[in-house]
Amino acid sequence: DKGNYRHFMAKEIHEQPEVVGRTLAHYVNCTAGRVELPIDLPFDFKDLKRISISACGTAYLAGLISKYWFERLARIPVEIDVASEFRYREAPMEPGELALFVSQSGETADTLASLRYASAEGQHVLSVVNVPTSTMARESDVIASTLAGVEVGVASTKAFTCQLTVLLALAIAAGRARGTLSAEDEKTIVDALIGVPGLMSEAIKREHQIEILAREVSKAKDVLYLGRGTSYPLALEGALKLKEISYIHAEGYAAGELKHGPIALIDEAMPVIVIAPHDSVFEKTVSNMQEVAARGGRIILITDEKGALEAGLDTMATIVMPMAHPIVAPIVHAVPIQLLAYHTAVFMGKDVDQPRNLAKSVTVE
Ligand code: M6R
C-alpha cells in the first residue's frame, strides 16, 4: 500500500525518520547513551585483526561508509569489495577473523556466494540483513537486523539508512571493546545518532526546493557527484540512484580524484553535485569545488548550515541540511540525494518503482 504517495519510493524515503528511529532504538540504550547490541557475538572485537566486508550495489556503499567508521572509531583495518569480485578473487583469509555482509533482501546471489566462501575460510560470518527469514540470515553465524520493514521500490532508500544505523552501532561497539572509543565519545556519538530521525525529518523539508532543482537536472545528459571521506560513498550512491531510476548517466568520484581525469568533462552542460557537510575535509572539498567553478561547471552543493556560510562560492543551488555530528552526517545527507534522484525521474515520467532492466532482488549472477 502506497498510502498517500505516488510511488513506493516516495513513501519509503518519507518513512526513514520512523524506521531509522526504530532500528536505532533496537541497538542503543537511549537513556544511558550507549550501544547495547541485541545479539550475542560469537567473537570479540578486540581479538580481530581485520574485517572483510562484501555486498552489492547500495548495500556495498553502506559497507563502504562503515569502513570509515570501523577504522576511525575502532582502529580495525577493513577490507571491502563488491561481492561479484570478492567471490572469485580467492582472497586469502586468516581463520577467526570477521566477514561482514550487507544485504536488504538477504538473497543476492553474489553476496551469498561470498558468504559461503568466507565461511569455508573459517571466518565468523555476520550479516546485516533486512529480511530475517532470508537465505543469508539462515547461513550466517549471527545477524544484525535492520528494521526498515518491507522495501518495495527497486531503488533502495530506507534499507540503506537503516544499514548505516546498524553498521554505526557495530562500529561503536567495536570501538568500546577495543578501548579506542572512550565512554564519553561513545555518548556523544550515540546522542548524535538518537538525533538523526529528527534531522532526517528536517532534511525532508527541503523536498520542494529539490523538486524544482530536479527539473534542471533532468535536462542533463551526464551528472557528476563528488564527495570526500564518508561523503565519497554517498557521491557513488547519489550517482547510482540517479542512473537506475532516471537513466541519466551519472558518475560518483572522490573529490580529490577530480584532477586525475574527470575534470576534463566539466562544462556548463554537466551539473556537478558536491556533497560536503562541514567536517574535517570540508576545506579540501571546497577547493575542488573552486576548480569546478573556475571551469564554468554548475554546482549543486549539498551541505549543512555552517558549510553554506563558509563555502563562499557561487552555486547553481545550495541545499542546506541541518547540522549533524560529522560521524552521523552521511545518514542525514542520504536524504537529499534520494529526493533529487526521485524527483528527477518523476519529472521525466519514468517508472521509479520498477525501472527498466532491474529486479528488486538479484538472485542470479
Ligand atoms: O538485496 P541487496 O541489498 O543485497 O541488493 C543489493 C543491490 O542489488 C541493491 O542495493 C541495488 O543496487 C539497488 N537497486 C540500489 O538502489
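In the predicted model, an oxygen atom of the ligand lies 2.9 Å from a polar backbone atom of S156, a polar contact being a pair of N or O atoms within 3.5 Å. Another such distance, 2.7 Å, separates a ligand oxygen atom from an N or O atom in the side chain of S105. For K241, a polar side-chain atom is 3.0 Å from an oxygen atom of the ligand. Of the 420 Å² of accessible area that the ligand has on its own, the protein covers 91% (Shrake-Rupley method, 1.4 Å probe). Residues are numbered from 1 along each chain as its sequence is written. Because the model is predicted, local features need pLDDT of at least 70 and side-chain atom pairs count only at pLDDT 80 or more, whereas totals for chains, interfaces and linings use all residues; side-chain values use heavy atoms, without hydrogens and water.

The shell around the ligand (residues with a heavy atom within 4 Å) holds 13 residues, of which S103, Q104, S105, T108 and E244 come nearest. Four of the shell residues are nonpolar, seven polar and two charged. Helix α3 gives the largest share of the shell, three residues.

The ligand sits in the largest pocket, with more than half of its atoms within 2 Å of the grid points. A pocket is an open set of points on a 1 Å grid over the protein atoms alone, where a 1.4 Å probe fits, with protein on both sides within 12 Å along at least five of seven lines; lining residues have an atom within 4 Å of a point. The space in this pocket is about 490 Å³. Its lining comprises 25 residues, with C56, G57, T58, K360 and V362 closest to the centre.

Definitions and conventions: Polar contact = N/O pair within 3.5 Å; in protein donor to acceptor, adjacent residues only side chain to side chain. Helix = DSSP H or I, 4+ residues; strand = E, 2+ residues; numbered from the N terminus. Nonpolar A, V, L, I, M, F, W, Y, C, P; charged D, E, K, R; others polar. Points joined across faces, edges and corners; volume = space filled by probe spheres on them.
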